[in-house]
Structure formats: structure tokens, C-alpha cells
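Trainee: I would like to go through this model and ask what stands behind each label.
Mentor: Go ahead, and we will set values against cut-offs.

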Amino acid sequence: MSNGPLRIEQYETVRYDINCNPLGVPDSVTRAIMENISAVGRYPDTYYDPLRNAIASYACCAPEHLVLGSGSSDLLRLFVALLAPKKALLPIPSATDYEHVLSVYGCETDFYELDINQDYHLDMDDFIAHLSDTYDIVILGNPNNPTSQLISKADIEKLAAACKELGIALLLDEMYIEFTENYERNTAISLVNTYDNLIILRSVSKFFSVPGLRLAYAIMNNETNMTIINMTATPNSISCLTAAACTAMLEDTAYIHESHSRIFTERNLIYAAMNTNKNLRLFKPSANFALMQILKEDVTAKSLLAHCNLKGIVLRNCENFHGLDSHFVRFSIMNPMQNDLMVNTILELLR
């Protein structure tokens with residue numbers, strides 16, 4: 001016997017909770033895997049130079065500034081272990097992985113609470129005023145998860161300079177930066193040439209919708225840290241098929257351009273459709289997902305999720321994010337018909 005409402009079978013299940021590109025896996029990935037399937041009989045390191053060069057070209061950085069990893073969580077753990085921080089400062093709400101990994105490595109964490117009345121935008125001057133030389137590391141998502149708010153490159157540079165002066169490492173997670181408009185101007189990658197305390201994390205999982213390939217990369221310009229990583233990191237951590245597939249997809253300009261066009265259009269349509277409803281507060285998103293606060297007293301995130309699940313719509317309950325409660329949900333931007341169904345289903349309960 002079921003303990004809850006069943007999904008109506010005429011609707012397919014759509015995962016609005018995982019923030020992957022709605023275009024799905026690029027055809028270039030499928031082709032590259034098929035063309036290189038025989039490579040599984042060889043060690044993968046011969047594929048790394050083409051991969052590094054493809055990433056460097058795509059991200060506009062020097063190949064020697066790259067660190068490859070098997071997913072963003074892998075790199076996050078690598079750098080926290082490398083830097084061995086004793087005390088960190090995190091804005092909240094932010095990705096739950098940051099606090100978890102810091103605690104695993106015995107790092108004490110202080111929290112800087114983002115202001116809901118400022119739509120969770122980071123007040124950089126005030127944030128910098130909270131820094132001191134007692135901190136060893138600051139971790140920021142840009143855009144931030146789950147708020148989908150973007151920090152300007154000018155503010156990132158201001159923070160990197162303040163952290164450098166205080167001896168603080170700045171770990172900047174740009175997992176969702178490619179979903180922002182004019183993202184080449186938003187990324188802080190060029191700042192690593194000036195600030196050796198800045199480490200930028202990127203992943204291919206979300207923008208290229210390939211979480212199963214398990215590839216992330218970091219960009220930094222710190223010779224000491226790079227030497228330690230090269231001496232201690234696993235030399236063959238990226239599979240040959242992942243390397244071949246990612247090399248191909250980073251050069252897939254048609255997929256990249258279509259992704260930007262689709263996301264920008266749908267994001268604006270969703271915001272316009274939901275922003276005027278008095279029973280919800282939709283924080284204007286910069287990435288491919290949006291944070292919503294339920295303002296209707298008798299509706300919680302759990303009841304909204306149950307209502308949406310009837311039509312195969314899986315949203316993200318955000319009550320486990322530090323700084324949020326049981327009235328916050330997050331959803332990603334999908335394809336037009338899926339987005340129409342999601343918006344209409346949410347508004348059914350929040351009239």
C-alpha cells in the first residue's frame with residue numbers, strides 16, 4: 001500500500017532538482033565515446049594533453065594552471081586537504097558540500113548570513129569587513145547555490161585582494177557560471193594571474209549535462225601548491241573515455257550557443273510568469289535554476305513538492321540549506337513545455 005500520492009502515469013518524471021542543462025548530453029560526447037571505445041585497453045594519460053589544451057582554450061587560461069579532478073567534490077576535498085584550514089568563513093545559504101567537507105577535515109566554520117531583503121545578494125563591502133587574519137579560507141559559489149545570485153568580477157577582485165592581504169585562500173566555485181549572460185565577462189579566471197591565493201573550481205557536469213563523466217577542473221597560479229598536487233595527486237584519475245568525450249564537447253560551439261539561447265529565454269519567461277504572484281517570492285535568477293519562497297501560510301515546501309510530484313515534477317526542498325526553512329524550494333529551468341507545466345502546477349497551489 002502506498003504511503004503517499006502516486007504520480008499520474010500520463011506525465012513523465014522530470015528532475016527539476018539536479019540543475020543540469022535541459023538539452024541533455026551533447027551528440028559530440030556520444031560520437032567521441034564511440035570513436036574511442038578501443039582506448040579502454042590503454043592507460044589514459046595519453047589523452048590528457050588534448051584535454052588540457054581543450055579546457056585551456058575553452059576557459060581562456062594557461063594549461064599549466066589547470067588541476068584535473070574526478071568531479072567537483074573530489075577537487076573540493078583535494079584543496080581543503082591541501083590547504084588544511086583551521087577556520088573558514090562561508091556565506092549562507094550556500095551549497096551544503098562546503099560546510100560538510102570543511103567539517104570532515106576539522107575546520108571550524110563561521111557563517112555570514114545573506115540578507116533576504118537584498119534578495120540574497122552578497123554585500124561585498126560588508127562581507128570584507130567581517131574578514132580577519134583568524135580565517136584561513138573563504139568559499140563562495142558564483143552564481144551561488146541555491147540563491148542563483150551572481151557576484152560581479154569587480155567584487156571578486158576586491159575580495160581576492162582583501163583575502164591576500166590577510167593570508168586567506170579564496171576558493172571560488174564557478175560550477176554554474178556558464179549559465180549566466182555574458183559569462184566570459186563574469187568569470188574570475190583571469191584574476192588568477194594576479195592573485196596566487198585564488199582557486200577557481202569548474203565542472204562539466206551541469207552545463208554539458210554529463211554528471212556521469214566525472215570531470216572537474218581547477219584554475220590557480222600558485223607554484224608551491226601546484227608542486228604539492230603534482231607530487232601527491234593520482235596520475236590517472238580521469239578515464240580515457242571521459243577525456244576524449246570532454247575534449248570533443250568543449251569544442252561543440254553549436255551546443256554551447258543553443259544552451260545559452262534556450263536558458264536565457266526560458267529563464268526570463270519563467271520569472272515574468274511567476275514574479276507577480278503574491279503567494280510566492282521568486283528571487284531573480286542568474287543561473288539555470290531559481291530559488292522560491294512560499295508565502296502562502298498553509299503551504300510548505302513538502303506539500304508543494306507532493307502536489308508537483310503528481311505530475312512528475314521533482315523540485316528541490318531547500319529546508320536543509322543552512323539559513324533557509326521549510327518554505328523554500330529550488331527548481332531548474334528545463335525545456336519550454338516542461339517549464340509551462342511546472343509553472344502552472346506550482347501556481348495551482350499558490351493562487
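Trainee: Which residues lie nearest the centre of the largest pocket, and how many residues line the pocket?
Mentor: The model is predicted. In it, 25 residues line the largest pocket, and those nearest its centre are Asp97, Asn145, Met175, Tyr176 and Lys206. The space in this pocket is about 480 Å³.

Trainee: What makes a residue such as Asp97 count as lining?
Mentor: A lining residue has an atom within 4 Å of a pocket point. Asp97 is in the lining of the largest pocket, so it has such an atom.

Trainee: Which helices and strands each supply at least two residues of that lining?
Mentor: Helix 3 (72-83), helix 4 (96-104) and strand 7 (198-203) do. By class, the lining of the largest pocket has 10 nonpolar, 8 polar and 7 charged residues.

Trainee: What lines the second largest pocket?
Mentor: Its lining has 17 residues, with Leu68, Ala233, Thr234, Pro235 and Ser237 nearest the centre. The volume is about 370 Å³. Strand 2 gives the most to this lining, with 4 residues. The classes are 10 nonpolar, 5 polar and 2 charged.

Trainee: Why is alanine 273 called partly exposed?
Mentor: Buried means under 20% relative accessible area and exposed means over 50%. Alanine 273 has 39% relative accessibility, so it counts as partly exposed.

Trainee: Where does alanine 273 lie, and which residues does it touch beyond four places in sequence?
Mentor: Alanine 273 lies in helix 10 (residues 253-274). Leaving out residues up to four places away, alanine 273 touches Val343 and Leu347. Contact means heavy atoms within 4.5 Å.

Trainee: How do you know that strand 10 and strand 13 pair?
Mentor: Pairing needs at least two bridges between the strands. Strand 10 (residues 289-294) and strand 13 (residues 328-332) have 5 bridges, in the antiparallel sense, so they pair. Within this pair, leucine 291 stands opposite arginine 330 of strand 13.

Trainee: What is the strand order of the open sheet, and why is one side of strand 9 left without a neighbour in the sheet?
Mentor: The sheet has 4 strands in the order 9-10-13-12, with antiparallel pairing. Strand 9 (280-282) and strand 12 (316-317) are at the edges and have a single partner strand each, so one side of each lacks a neighbour in the sheet.

Trainee: Which helix packs on this sheet?
Mentor: Helix 12 (residues 336-349) does, touching strand 9, strand 10 and strand 13. The direction of helix 12 makes about 165° with that of strand 13.

How values were computed: Residues are numbered from 1 along each chain as its sequence is written. This is a predicted model: local features need pLDDT of at least 70, side-chain atom pairs count only at pLDDT 80 or more; totals for chains, interfaces and linings use all residues. Side-chain values use heavy atoms; hydrogens and water are left out. Axes are lines fitted to C-alpha atoms, for helices over the stretch in contact, and angles run from 0 to 180 degrees between N-to-C directions. On a 1 Å grid over the protein atoms alone, a cavity is a set of points where a 1.4 Å probe fits but cannot get out, and a pocket is an open set with protein on both sides within 12 Å along at least five of seven lines; lining residues have an atom within 4 Å of a point. Grid points are joined across faces, edges and corners, and a volume is the space filled by probe spheres set on the points. Ala, Val, Leu, Ile, Met, Phe, Trp, Tyr, Cys and Pro count as nonpolar, Asp, Glu, Lys and Arg as charged, and the others, Gly among them, as polar. Buried means under 20% relative accessible area, exposed over 50%, partly exposed in between (1.4 Å probe, protein chains only).
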